[in-house]
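I opened this entry to record what I looked up in the structure.

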Amino acid sequence: MLSAECSDASSHTSSMMVDSTLTQVGKNLNEAMRILGDGQGELESGTRRQHFGSTGIPGPLQGDGQDVSTLLHLVHNLINDEEEDGEKPTLHRLLNVGEQGHMALLGHSLAAYISVLDRERLRKLTTRILSDTTMWLCRLFRYENGSACFHDDDRDGLVKVCRLVINARYQEYASEGYTVLSSKQPIIYQSASCRPGLAQHLCTQLGLPLSSLCTVPCNTVFGSQHQMDVALLEKLIKEDKEAGKLPLLLIANAGTPGAGHTDKLGRLRDLCDQYSLWLHVEGVNLATLALGEVTSAIMAATRSDSMTLTPGQWLGLPAVTAVTLYRHEDPALSLAAGLTPSQPVDKLRALPLWLSLQHLGHSGVVQKFRHATSLSQQLLQKLKCVTSIKTSGVVSPIPPISGASLRDVLGSLMLSIVEDELKSPVVLFKFSQEMSAASREGSVEGFCAGEKEVLDAFNRWLGEQLAQLVPTSGVDVVELEEEGTCVRFSPLVTAAVLGTQQEDVEDLVVKLMEVVPVMDSTLCLIQDFREQTHRHSPSLRYIEEHSWPGLGAVRYEPQADGMDEIRRKQELEKINTELLKKLQELDTDIIFSSGSEFGREEDCIFVGMVTEDVDVCELVDTIAALGRDIVESGRLLENMTEVVRKGILEAELQLQKANEEKLIEEGMLRQLPLVGSVLNWFSPVQSSIKGRTFNLAAGSLDSTEVTYSTKAQAGKLSLQDAPTSSSKRLPGQRLFQRSGAGSDSISETSSIGQAEETTMERSITESSSIQPPISPAALETPSDTAGDVITEKIQGSFEQVPSQVEAEEPTKEMQPEGQEVKQSSR
């Protein structure tokens, strides 16, 4: 009796201890999520907590331990990549971890705790968890009498299924191993639209040669370009059997990774039954099996031998394993293939999903899938109203059939069948050249001879812009063999994680309608931009770069006669770098870029998207004019040293000659200090000697007679009369905008800014009208040092306003040697 009471007490104490431990696990998880959430709020509000030194360099383990709060803040800093220099960290969007996400996280924590239980209790608990989860998934996805394998890598389920089929088809495989495969080489068939790298992974894990894989091309007659060609598959199977090979397994798609299309699973099932092939199905469209209304194409997946599901991705559950449902009668072979876990701890992989499914319930799971598919239908309907946008899934035309009535009947029948097969929650759309030309009642023929690469670049830019403008939409860019570059919207994969709602789809369509007109106008102006660039040849060269999403690329190439290749490349880089800098300083929203990540050509200027009211002629003329000014300025600087040296020598000769003439004209008496002053007082002398001005641009000495007679610089305009490009524009007219275009036609994403009043032409005029004077001391410098002194003074003032330098002759009396000569005022 006492022993029984002690046993009951011990059991009660153990139960209390387990309950308190489980409670503590839940509290710790809630506290961890709260701290991480508070850290995210601090970033959004701009506040900062203590910096915990999250650097990329590993440091030594500290002697004293740290508490949980400190470690969680350290993890938060690592997640948000705080910089060492103290800059404000970038706010990264965290996943939408709701209550079901918390349940999945709690499942991971509990799995670690449960693994330390005694073996018998662990076996009973894991068996219950595994059986419950398997039954719920089979009922949820209409897969009767199935077993489940839970695996972290979503490819591992297919690998284990292949091992199962090999064990089943080669009876001596368990004892002989891979030597039995030499008698009949196994062949695995996959669609050309399967996941990239899946076949190589299978061969690596199974130890099979690549020749054991057969890729079946997709259909090109009826329906989608992403569906497996069933007739060709049957032909390949027959050829392999005749060659002594063993057709083993077929991998089909219920939602291809790129386009989301579904293979003809019904016909494939019949073909596999005929040739004894194992049929494995995977794809995002398998999630729709949980809905009340399922298309016949997807419903055929329930007849497959195995299918791989990713419920964690579809439901937004973090770190939840993938599941492979399969049917096989021999449990020993399933155990040998690894489909059935041999250790009880391995069964705990299903615990996070077990908790999450119970938390959501059947209705909650169906509601999430229904919400995702409704988002796809909403976007698909909206895209039909957007011009220049083409959606994927267009049915191939029906071949001509004799008899119009028969052809119409067969056409409508085939159309309904194909549309049912192509119905998918994945939406693909792209900017279309043909639809753009039709919407404008014009043609873009010849803009680049229908280059597919240009449209791919435009659609790549479109997808990147939409992903940046509406990040919660989850759109991405996908490259397809037939359609080219497209924008993909797959809410079954992204909506649960990002929390996508109907408002996000509406916002996505609004942004799309703002961006598409800019792409449309840019596409139509590409040819005009090319022609205008050729007009400035050979100094301005058009660069054929189809991968750039914009108006085009140009390079300014000045004449380089007698210049070696290395020097020419240096000059090109210097000129185009300076030209790009000046273009980026213009007050306009047109993007000018070096485009180093796009083009193979170097030293180019890439012009971005433009609106339809942009004056391409003025844009190209501005680029050419700025490039020409840069070249001329560079040449002026290169020749300035020689010009100044020659000008100084000539100025010295002119000054000596003027001094001699002045001495002859005034006489010797006026040169004496005292006598000359008295004579000048009683009898002033009007000198006939005229001044000279040194033109740095021309390198010549000119008379200043016209300058002083007109009180203005000869041959120059006043600042008020200097012509500017802005003076030709109407009030409110923007840079590069045509005179007849209104500002209302410019979209928000590509509006052109107000033009600057100061242009390159005016700045050159202003700088050339300012003359740095030469001091009297420079004029009186002896001949052997006059050149150096004048050179230093001219070079010292040249950096500011060095257009012309006046060297006027003195009109006062000659002073004795050692005294300064005062220059008369004119």
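How many helices and strands are there in the protein chain? I count 25 helices and 18 strands in the protein chain, taking helices (H or I, at least four residues) and strands (E, at least two) as DSSP runs numbered from the N terminus.

I note that this is a predicted model, in which local features need pLDDT of at least 70, side-chain atom pairs count only at pLDDT 80 or more, and totals for chains, interfaces and linings use all residues. Residues are numbered from 1 along each chain as its sequence is written, and side-chain values use heavy atoms, with hydrogens and water left out.

**Whole chain.** I looked up burial, where buried means under 20% relative accessible area, exposed over 50%, and partly exposed in between (1.4 Å probe, protein chains only). Of the 826 residues in the protein chain, 46% are buried. For contacts (heavy atoms within 4.5 Å), I took those between residues at least 6 apart in sequence, and 74% of them join residues at least 24 apart.

**Cores.** I next looked up nonpolar cores, that is, sets of buried Ala, Val, Leu, Ile, Met, Phe, Trp, Tyr and Cys residues joined through side-chain atoms within 4.5 Å. The largest has 67 residues, and Phe141, Leu325 and Phe369 are among those with the most contacts inside it. Helix α13 (residues 351–383) gives the most to this core, with ten residues. Apart from it I find another core, of 55 residues, including Leu462 and Met519.

**Strand β6.** From β6 (residues 306–309), Ser306 and Thr308 point one way and Met307 and Leu309 the other, and all are buried. In a regular strand the side chains alternate between the two faces of the sheet. I then checked pairing, which requires that DSSP finds at least two bridges between two strands. Strand β5 (residues 278–282) pairs with β6 in the parallel sense over three bridges, and Met307 is the bridge partner of Val281. Strand β7 (residues 322–326) runs antiparallel to β6, with four bridges, and Val323 in β7 stands opposite Leu309. I also listed what Leu325 touches beyond four places in sequence, and the list includes Leu137, Ser306, Met307 and Leu309.

**Strand β13.** Which residues of β13 point one way, and which the other way? Gly552, Val554 and Tyr556 point one way and Ala553 and Arg555 the other. Five of the five residues of β13 (residues 552–556) are buried. Strand β12 (residues 540–543) joins β13 by four antiparallel bridges, with Tyr542 partnered by Val554. Three bridges join β13 to the antiparallel strand β15 (residues 605–607), where Val607 stands opposite Gly552.
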